[in-house]
Amino acid sequence: MLEFIHLVGLGMALNSRTIMVNILCSPDGAACGAIRDNPENPDYAASGSIRATAYGWSFPSSSLGTSNYKILKRSTSKASSMTILNNPNNLNHLIEDCLYYEYTKAADPVGSGAIPQIPLVEFSSELHEMGSTRIIPLDISDTLACKGPATSPALCANFVRILAWEALSTNFNATSLLFYVMRGSGYTEFEGINIPWKTGDFVVLPMGEETRHFAVADSVFYLVHDEPLLRYLGVKADIQRFKPTLYTSEDSLRELERVRKEAEAVNRNRISVLLANKVMDQTLTVTHTLWAMLGVLPKGAAQLPHRHQSVALDLILDCDPGCYTLVGAKISEKGEIINATRVDWKPYSAFITPPGYWHAHYNQSSSDAHLIPIQDAGLQTYLRSLDIKFVEK
Ligand SMILES: [Fe+2]
């Protein structure tokens with residue numbers, strides 16, 4: 001068997017960019033080929049064969065436009081690699097973006113203001129109550145100093161309005177998409193299947209091609225996806241991590257009623273169900289990035305504060321005046337939120353609870369209220385960074 005020698009080196013493409021090349025040479029040095037590691041890169045066209053003169057391993061000419069290789073070591077072992085440095089003059093662009101901060105100057109970019117804190121923002125139901133079929137992103141990307149639309153660094157929440165007998169397409173570069181049907185009915189066409197939905201249903205979709213939503217009655221969704229996370233990472237969603245799932249109104253409300261009876265039996269502070277997918281058997285969440293909850297806040301309820309490092313994009317469903325959330329960065333020794341901001345609940349409106357902020361829900365009305373927080377807690381749980389804490393009685 002003919003063994004080739006594998007070298008890894010830096011080459012210069014015809015457009016003067018430095019590229020990584022894999023070089024295979026025959027043992028007698030008569031034939032060498034240079035192969036880019038990523039053929040889809042536009043620079044690939046600039047790479048080509050190079051020739052070695054002999055065992056001296058100099059490369060006098062090359063269609064890569066490269067010269068002055070310096071060989072640090074070499075091996076004839078099939079599995080080993082050889083390091084080659086190109087002309088030191090060509091390293092300038094490799095170091096021109098490097099920075100070195102003294103530790104205390106960069107240890108807390110949020111605290112120093114280098115990256116903005118996530119704000120508490122409210123989004124009124126008026127945004128989706130009128131008008132044509134459309135997507136209404138709850139976009140605060142300017143405040144977050146990131147590309148948009150984005151409601152948090154990793155997530156984008158939207159109101160989606162579809163008039164009866166009209167259709168709307170979505171095509172996000174997202175690993176996970178969840179929508180709750182605030183009102184209406186219809187179906188969603190996703191990769192050859194039709195998913196029916198109606199008021200109170202949750203539909204959860206993995207990455208996919210263009211998705212079409214058809215309404216048979218005036219319909220409004222609360223739709224959250226994780227495209228901002230992928231945009232930040234600079235990646236394209238490629239693999240479906242779960243299959244499409246439908247959490248019907250009947251099933252979710254039945255489960256909520258079941259835990260409510262349990263809560264009343266054991267005097268539990270929170271009455272909620274977490275939507276989960278069998279595939280997510282480590283994070284116990286609705287997708288590997290998203291976390292979703294359906295909760296009831298009974299009349300007269302006053303929750304003790306809690307906090308978590310996931311952001312919460314909270315949707316309020318039904319509520320009467322007197323329902324509100326207190327939010328604040330710090331908590332007293334008595335377990336009360338210091339300098340709390342009060343967010344009064346309004347039906348089918350949304351608000352952002354920033355990560356790390358203490359928050360507690362109160363219902364001083366004479367009717368039960370319901371809420372649906374959507375969080376990036378699937379991701380945070382997997383990273384072991386959720387850091388959820390509760391004030392105990
Ligand atoms: Fe929370």
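Me: What does Phe-179 touch, not counting residues up to four places away in sequence?
Reply: In this predicted model, Phe-179 touches Val-160, Val-203, Phe-221, Tyr-222 and Leu-223. A contact needs C-beta atoms within 7 Å. Val-160 belongs to one side of strand E8, and Val-203 points out from strand E12.

Me: Which residues have the most contacts inside the largest nonpolar core?
Reply: Leu-178, Phe-179 and Tyr-222. The core has 72 residues. Its largest share comes from strand E10, which gives seven residues.

Me: Why is this core said to lie between domain 2 and domain 3?
Reply: Domain 2 covers 122-247 and domain 3 covers 250-390. Both give residues to the core, so the core lies between them.

Me: What makes Met-182 buried rather than exposed?
Reply: Met-182 has 21 C-beta neighbours inside 10 Å. The cut-off for buried is 20 or more. Met-182 therefore counts as buried. Met-182 lies in strand E10, residues 176-190.

Me: Which residues is Met-182 in contact with, leaving aside neighbours within four places in sequence?
Reply: Val-220, Phe-221, Tyr-222 and Tyr-348. Phe-221 and Tyr-222 are also touched by Phe-179. Separately, the C-alpha atoms of Met-182 and Leu-317 are 7.9 Å apart in space, although 135 residues separate the two in sequence.

Me: Why is strand E12 called largely enclosed by the rest of the structure?
Reply: E12 spans residues 202-206, and five of its five residues are buried, so the strand counts as largely enclosed. Phe-202, Val-204 and Pro-206 point one way. Val-203 and Leu-205 point the other way. All are buried.

Me: How do you know that E10 and E12 pair, and in which sense do they run?
Reply: Pairing needs at least two bridges. Five bridges join E10 to E12, and the two run antiparallel. Ser-176 stands opposite Pro-206 in E12.

Me: How many bridges join E8 to strand E13?
Reply: Seven, and the strands run antiparallel. E13 spans residues 211-225. Cys-156 stands opposite His-225 in E13. E8 also pairs with strand E7, residues 134-137, through four bridges in the antiparallel sense. There Ile-136 stands opposite Phe-159.

Me: What makes Ser-132 exposed?
Reply: Ser-132 has 8 other C-beta atoms within 10 Å. The limit for exposed is 12 or fewer. Ser-132 is therefore exposed. Ser-132 lies in the loop between E6 and E7. Leu-163 is 31 residues away along the chain, yet the two C-alpha atoms are separated by 6.9 Å.

Me: What makes strands E6 and E15 the edge strands of the open sheet?
Reply: The sheet has six strands in the order E6-E23-E18-E25-E16-E15, with antiparallel pairing. E6 (122-123) and E15 (271-275) each pair on one side only.

Me: How do you know that E6 and strand E23 pair?
Reply: Two bridges link them, in the antiparallel sense, and E23 spans residues 350-353. At least two bridges are needed, so the pair qualifies. Glu-122 stands opposite Phe-351 in E23.

Me: How many helices and strands are there in the protein chain?
Reply: Seven helices and 26 strands. Of the 393 residues, 36% count as buried. Among contacts between residues at least 6 apart in sequence, 69% join residues at least 24 apart.

Me: Where is the pLDDT below 50?
Reply: Over residues 35-85. This stretch has 93 contacts in the model beyond near neighbours in sequence. Where pLDDT is low, predicted coordinates should not be read in detail. For the protein chain, the mean pLDDT is 85, and 77% of residues reach 70 or more.

Technical notes
Residues numbered from 1 in each chain as written. Predicted model: local features only at pLDDT ≥ 70, side-chain atom pairs only at ≥ 80, totals over all residues. Contact = placed C-beta atoms within 7 Å. Core = buried A, V, L, I, M, F, W, Y, C linked by C-beta atoms within 7 Å. Domains from an automatic or database assignment. pLDDT = per-residue confidence, 0-100.
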